[in-house]
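I opened the model to look up a few packing and pairing details. My notes follow, in the order I took them.

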Amino acid sequence: MQFHHHGYVSGNPRVQDAAGTGLDRPAELPETVDVLIVGSGPAGMLLAAQMSQYPGVTTRIIEKREGRLVLGQADGIQPRSVETFQAFGFAERIVAEAYNIGWMNFWGPDPENPQRIVRTTRTADYAYDICEFPHLIVNQARVLDYFAEAAADGPARITPDYGVEFLGLTVHDDGEFPVEVRVRYVAGEHAGAERVIRAKYVAGCDGARSGVRQAIGRTHVGASAAHAWGVMDVLVNTDFPDWRTKCAINSQAGNILHIPREGGYLSRVYVDLGEVAEDDDHRVRQTPVEDVIRKANDILHPYSLDVKEIAWHSVYEVGHRVTDGFDDVPDDADRTPRVFLTGDACHTHSAKAGQGMNVSMQDGFNLGWKLGSVLTGRAPEALLATYGAERRPVAQQLIDFDREWSTLMARKPEEISDPSELATYYLATAEFPSGFMTQYTSSMITGSDRHQALAAGYPLGKRFKSAEVVRVGDGNVIHLGHHAKADGRWRVYAFGDRTGAALAAWASEAEPVFARFTPTDADADAVFDVKAVYQQPFEELEVTAAPTLFQPKSGPLGLTDWEKVYAAGPSKWTETDIFAARELSRDGVVIVVRPDQYVAAILPLDAVDELAEFFDGALLPVR
């Protein structure tokens, strides 16, 4: 990581200097805010962490609970989420405490004695076949803790306002702060008091029973499947040999999805409780946990569970719903959104595909930089309409995938003709649950794909897939994408031609384009983090010979940034040639990446006019 460019840092470099609203942040909720986040779940806390990078924006987050979440219900962390944690600065720490899913095993009835179960398939997990990040299990509460730390350590010093309940809101037609929000204190010295806060924008991150969703008249579309599952986090003694391996278990007594959890002892068990009668009226949700344990033992025969402690348990009916809109703009209206829905407030589904927390966080990531860009004057308000346009199709894809996965998981043995079918489906569809199938379509922030052939390994609209390169300044091998942080900046990767001459010409012509959108009193790379990747081995390059665009001066001391110039490799420490690995044109290519890590434009080195045209549509020039 980079620091000291604002002067010597003696303490923790992950704690950024307070600035703007973080310098004198009032303890009490102010009368007006730029952004009010309702709910401190995964989407809300990620959004707060992102907004903390915009200290010129007043952001507050309210939560009805009196304090941090103690026990979260979600626990599956897909590789795309770990990649996101990398951008927020805590991937290595959370990986160290999480359970790493290396394998998923499948069990079914023993052909010789169907009353017993046997292991039918042992399958390596998909994570490392798709990217460099693992597939993890860790308590949602810890994920929220890390995002809370990032929000509190960011320049805006954002911390949740606990014990504040959302009551309702009204969106007015005019005014600087058009959203009138009613809240009630449920804890602390103001308990019972109600008040009004006015906001420019509100983000409803308040879960499946979202009050914000109801307030803007949005409704969930979909239905519950007639199937119930019991779920419990348990500490047990057992003779089941795969207790520390993720398993899908199918038996004549029902089905179990078993997921080991962090810490080496705890496990989560989803237990199939069967079909739910039409007249049940949700009575199945009252199923005693003792019945769930008994059912689990029946399914696991001839193995057994001796449950020593239950950390948490619940019963749920599978439901698949998507909200009819992700913001407050009616279908027949043409105005800027003021209220947004994220996470479970706009999509609900079963827990077994491990998607809820992951997709929710990507909702928050998508929305955060857009709010920050608009409120700081970097981008036009029209940018905010792309949130719903991009995230609603993703939610529908999630519902469709989860419906199929849930159906497969709930089958009876006699309905399964091929014992390996579930394992085959698990691996064949891995790109979607891992979080890498999302592909945004053409918009003001996703350009034309007419130059896609120049970079086949970076599909337009999909997330930027990192690869190893060699940093020319010191010869160290790093992942190019890991240098990108969730700081609201655009990334521009200029991959050089065979001689470097075209790259040098591009840098000279492109520098004024970037300057047009960069405040004169800011660092040269305050809005665009521009990096060069040469084809030549790093031993043949001198970092100081690179164009000035790739040697910007940073901070009040005007120190040269030595980490903008890279070589493709291979080298002594890596066999990767990023040009070959990502199918990049040897004539050179420019990859523009959005602040949320998705490929926004692919351009040849001689198309600086197209680069300017793209940013003219996505950003506002400085005044």
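I am working on a predicted model, where local features need pLDDT of at least 70, side-chain atom pairs count only at pLDDT 80 or more, and totals for chains, interfaces and linings use all residues. Residues are numbered from 1 along each chain as its sequence is written, and side-chain values use heavy atoms, with hydrogens and water left out.

**Entry: Ile249**

I looked up Ile249 and found it in strand E13 (residues 246-251). Helices (H or I, at least four residues) and strands (E, at least two) are DSSP runs, numbered from the N terminus. Ile249 has 2% relative accessibility, so it counts as buried. I then listed its contacts, meaning heavy atoms within 4.5 Å. Leaving out residues up to four places away in sequence, Ile249 touches Trp107, Ile117, Phe240, Gly254, Asn255, Ile256, Ile299 and Leu300. I also checked Asn105: it lies 144 residues from Ile249 in sequence, but the C-alpha to C-alpha distance is 8.4 Å.

**Entry: Arg623**

Next I took Arg623, in the segment after H13. Arg623 is at 90% relative accessibility and therefore counts as exposed. Its C-alpha atom is 32 Å from that of Phe326, 297 residues away along the chain.

**Entry: strands**

I turned to strand E2 (residues 59-63), where 5 of 5 residues are buried. Which residues lie on each face of E2? Thr59, Ile61 and Glu63 are on one side, Arg60 and Ile62 on the other, and all are buried. For pairing, I used the rule that DSSP must find at least two bridges between two strands. Strand E1 (residues 32-38) pairs with E2 in the parallel sense over 4 bridges. Val35 has Thr59 as its bridge partner in E2.

I also noted an open sheet of 3 strands, ordered E3-E7-E4, with antiparallel pairing. Its edge strands, E3 (76-77) and E4 (99-100), each pair on one side only. Between E3 and strand E7 (residues 136-137) I found 2 bridges, in the antiparallel sense. Ile77 has Leu136 as its bridge partner in E7.

**Entry: helix pairs**

For helices, axes are lines fitted to C-alpha atoms over the stretch in contact, and angles run from 0 to 180 degrees between N-to-C directions. Under 35 degrees counts as roughly parallel, over 145 as roughly antiparallel, 65 to 115 as roughly perpendicular, and the rest as oblique.

How do H8 (residues 356-375) and H9 (residues 385-409) pack, and at what angle? The angle is about 170°, with the axes 10 Å apart. That makes H8 roughly antiparallel to H9. From H8, the contact involves Val359, Gln362, Asp363, Asn366, Leu367 and Lys370; from H9, Thr386, Tyr387, Glu390, Arg391 and Leu398.

I then compared H11 (residues 501-516) and H13 (residues 608-618), whose axes come within 10 Å and cross at roughly 15°. H11 and H13 are therefore roughly parallel to each other. In H11, Trp506, Glu509, Ala510, Val513, Phe514 and Arg516 meet Val608, Leu611, Ala612, Phe615 and Asp616 in H13.

Definitions and conventions. Buried < 20%, exposed > 50% of the residue type's maximum accessible area, 1.4 Å probe, protein only.
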